[in-house]
2 protein chains.
Amino acid sequence: MQAGRPIPVNPARMLAELDELRTIGAVGKGVSRLAFSGADIAARIWLAGRMRAAGLEAVVDPWGNLFGLPPGEGPCLLIGSHSDTQPLGGWLDGIYGVACGLEIARAAREAGGPRIAVVSFQDEEGRFGGLTGSAVWAGAMEPEEADRLSDAEGITLAEARQRAQEIADIGEVSPAQFAAYLEPHIEQGPVLDRAGETLGVVEAIAGVRSLTLTFSGEANHAGTTPMHLRRDAVRGLYNFAAALDTAFAPLVTDRTVWTLGRIAVDPNAPSIVPGTASVSVQIRDPETARLDRLMAEAMGVAEHTALALELDLSVSQGFSADPVPMDPRMTEALAEAAGGIAPGRWRRMSSGALHDATHVSRVLPTAMLFVPSIGGISHNPDEDTKRADLEIGLLALTEAIPHLP
Amino acid sequence: MQAGRPIPVNPARMLAELDELRTIGAVGKGVSRLAFSGADIAARIWLAGRMRAAGLEAVVDPWGNLFGLPPGEGPCLLIGSHSDTQPLGGWLDGIYGVACGLEIARAAREAGGPRIAVVSFQDEEGRFGGLTGSAVWAGAMEPEEADRLSDAEGITLAEARQRAQEIADIGEVSPAQFAAYLEPHIEQGPVLDRAGETLGVVEAIAGVRSLTLTFSGEANHAGTTPMHLRRDAVRGLYNFAAALDTAFAPLVTDRTVWTLGRIAVDPNAPSIVPGTASVSVQIRDPETARLDRLMAEAMGVAEHTALALELDLSVSQGFSADPVPMDPRMTEALAEAAGGIAPGRWRRMSSGALHDATHVSRVLPTAMLFVPSIGGISHNPDEDTKRADLEIGLLALTEAIPHLP
């Protein structure tokens, strides 16, 4: 194939494969393919067969990450995502990226080049840990640590991953075999759909800071304790939450989100002044400096609130991840392609969710392209994307590829 | 005895009886005498014996309410409260009023008059319903309805009250046999203790209005859903709570209390924008008009909050009770006595908790006198009152009695 010309993919063939894949582990309109479950293994065996049929070598690493490798030498582009799902997920989360990679790698083989590899990482959805396969592959997690992870039933990853050999021949695949990583994915949020747009070029994966604040006062009879003698933990919680919104307003951008998702009150009875109230605070932003500033602000607001209401405050740190910028050259190539194929119907954005790209970016130039999620729905059997948008995503990738590393 | 002179009570004798009573159902420093439990029956049998020894007729009604009736004809003063406890309560809640009544009735017998009766109502603490014995006795609850009440194990009051006959001879005791009802009680709140005061003359038992508000939005991924596209139910909850404090500030008095005691969030996970959040709102005030005004205000704030955040709002009504004013003539007699025996160390106040007086006030002129609860602690083994304050409460009652109906 002539260099610089888009790979002549067959979008209908990719859609047909997505339709077939959703039957593996189907539950109603949704899909259940937890990492290393029977359905997950079946889907990976099916993918390995398609890889071989496309002239790729199917290799699974000891962690269940399945690669389709083109013949020949030298680092090549790797395209993919994951094929495991939430306990009850949708038909596109993860597998869309794998299907794009498979179609592009196959079409490239048919066209005589370039060399393209495809991957389905394992346990992205967290039966054991979340992003586990890509984390170990990219050196973000020690293998011993990963092996100790266990699922809700107490089965360890060390036990579960013995099934990897059912998928394909086991081999070691090194990041050094690739030049760059490209992860197409559904947005899993409402931004593109609400705006009537088709493509999102990801500039960064947002970082996360999280903590749990516990306000402690004194549980008292709600009838006999006058307001001025109360140390009401729930009052601490809602004064903090309202003050946080006010304090954050001048500091945030439209890419910042913060969530008070989990609340626990004790004793939690209508007739008792609450003695303790805890609330999770999760902040996401694509810039590390802003994340740190917002965390400091949240702590300040919490301390001020506790002091003002004579409450005790305890803080426990939760999950934290730094923002991950995407490779600028790859991002520009995707932006160019998006502007060409969907003029006025694409945007630069950050990813609020984590993806395998988070870890792979440690070892390879990495970029992501989003297609819309109808209604922003994901991790749900109702998850969907217009078939035309799935096709446009594929075509945009092929437009960008000649300009990638 | 000469009319108008205080009954010569023996405070030490009353304290000795309280000490003995706390051994019946003792659990550590606390007491467990759930209505119609073995310990409750034993305490009532013990009380019936003391009544007889004092020359009173011990009569238990079919609901377990135990009366000690003086010989003679015509309506007389009734003094008492209850001797059942919380599952693990303190040594004074309820029984202090019964012990006062017993000592005063006995001392009056010894002094040759006046005629005084004593009562221990049943199930005040709600193994079955709460205030159940006084509610049925005063006609506030239909017997059939009371009989259907059941405890946490499914035992009905109809079954449990078969044990009433173990306590004493069963008889019918009519409110018409009494001229007035006087209920001494520990405050169960911190007001007197914090102020260093000894006596509280209750002007009214606060009424209660309660409801549960549920804000419903849309559960979404906390990373991928921008702030402006969220319908965050927890944001509804805390905006409501903060606005409620502001709206109530100009409407309340220092006798008004409001409590957001119970919160439930769904799905209640740090990484998910909350889809629903419910909160209990309980308002207490001694004036019906203010209670109604505050409830209307709370509804208005909730509706405004839901509208502003595009949330749905549902409301379920909870427990409601109108305020109960105490008899003015009795209250004045208690105030006069309190001012005489504890000058500068008493106050007029309202009762934030409900008491048997709530129901008895329907059929008899009724008043209450409070003694302090150390630290405001009640419904807890640490519940306590200085012995000197228990004595002063008893003496104040005797000072007031000549001036009661």
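Visitor: Is Leu131(A) buried or exposed, and how many other C-beta atoms lie within 10 Å?

Guide: Leu131(A) is buried, because 25 other C-beta atoms are found within 10 Å. Buried means 20 or more such neighbours, exposed 12 or fewer, and partly exposed in between, with C-beta atoms placed from the backbone. The model is predicted, so local features need pLDDT of at least 70 and side-chain atom pairs pLDDT 80 or more, whereas totals for chains, interfaces and linings use all residues. Residues are numbered from 1 along each chain as its sequence is written, and chains are lettered from A and ligands numbered from 1 in the order in which they are written.

Leu131(A) sits in the loop between strand 6 and helix 4 of chain A; helices (H or I, at least four residues) and strands (E, at least two) are DSSP runs numbered from the N terminus. The phi of Leu131(A) is positive, near 55°, although the residue is not a glycine. Asp123(A) is another non-glycine residue with a positive phi, about 55°. Asp123(A) also belongs to the loop between strand 6 and helix 4 (132-137) of chain A. Asp123(A) counts as buried because it has 30 C-beta neighbours inside 10 Å. Most residues other than glycine have a negative phi, and most peptide bonds are trans.

Gly113(A) and Pro114(A) are joined by a cis peptide bond with omega about -5°, and Pro114(A) lies in the loop between helix 3 and strand 6 (116-121) of chain A. In chain B, Gly113(B) and Pro114(B) are likewise joined by a cis peptide bond, with omega about -5°; Pro114(B) is in the loop between helix 3 and strand 6 of chain B.

Strand 6 itself can be described in chain B. In strand 6 (residues 116-121) of chain B, 6 of 6 residues are buried. Ile116(B), Val118(B) and Ser120(B) point one way, while Ala117(B), Val119(B) and Phe121(B) point the other. Strands pair if DSSP finds at least two bridges between them. Strand 4 (residues 66-69) of chain B pairs with strand 6 of chain B in the antiparallel sense, over 3 bridges, and there Leu66(B) has Ser120(B) as its bridge partner. Strand 5 (residues 76-82) of chain B pairs with strand 6 of chain B in the parallel sense, over 6 bridges, with Ile79(B) opposite Val118(B). Between strand 5 and strand 6 of chain B the chain passes through helix 3 (residues 95-110), and this β-α-β crossover is right-handed (clockwise from the first strand over the helix to the second, with the strands pointing away from the viewer).

Elsewhere in chain B, strand 18 (residues 366-371) also has 6 of its 6 residues buried. Thr366(B), Met368(B) and Phe370(B) lie on one side of strand 18 of chain B, and Ala367(B), Leu369(B) and Val371(B) on the other. Strand 7 (residues 178-186) of chain B runs parallel to strand 18 of chain B, joined by 6 bridges; in this pairing His185(B) has Phe370(B) as its bridge partner. Strand 8 (residues 199-205) of chain B runs antiparallel to strand 18 of chain B, with 2 bridges, and Val201(B) stands opposite Leu369(B).

Back in chain A, Met295(A) is part of helix 10 (residues 288-308). Met295(A) counts as partly exposed because it has 18 C-beta neighbours inside 10 Å.
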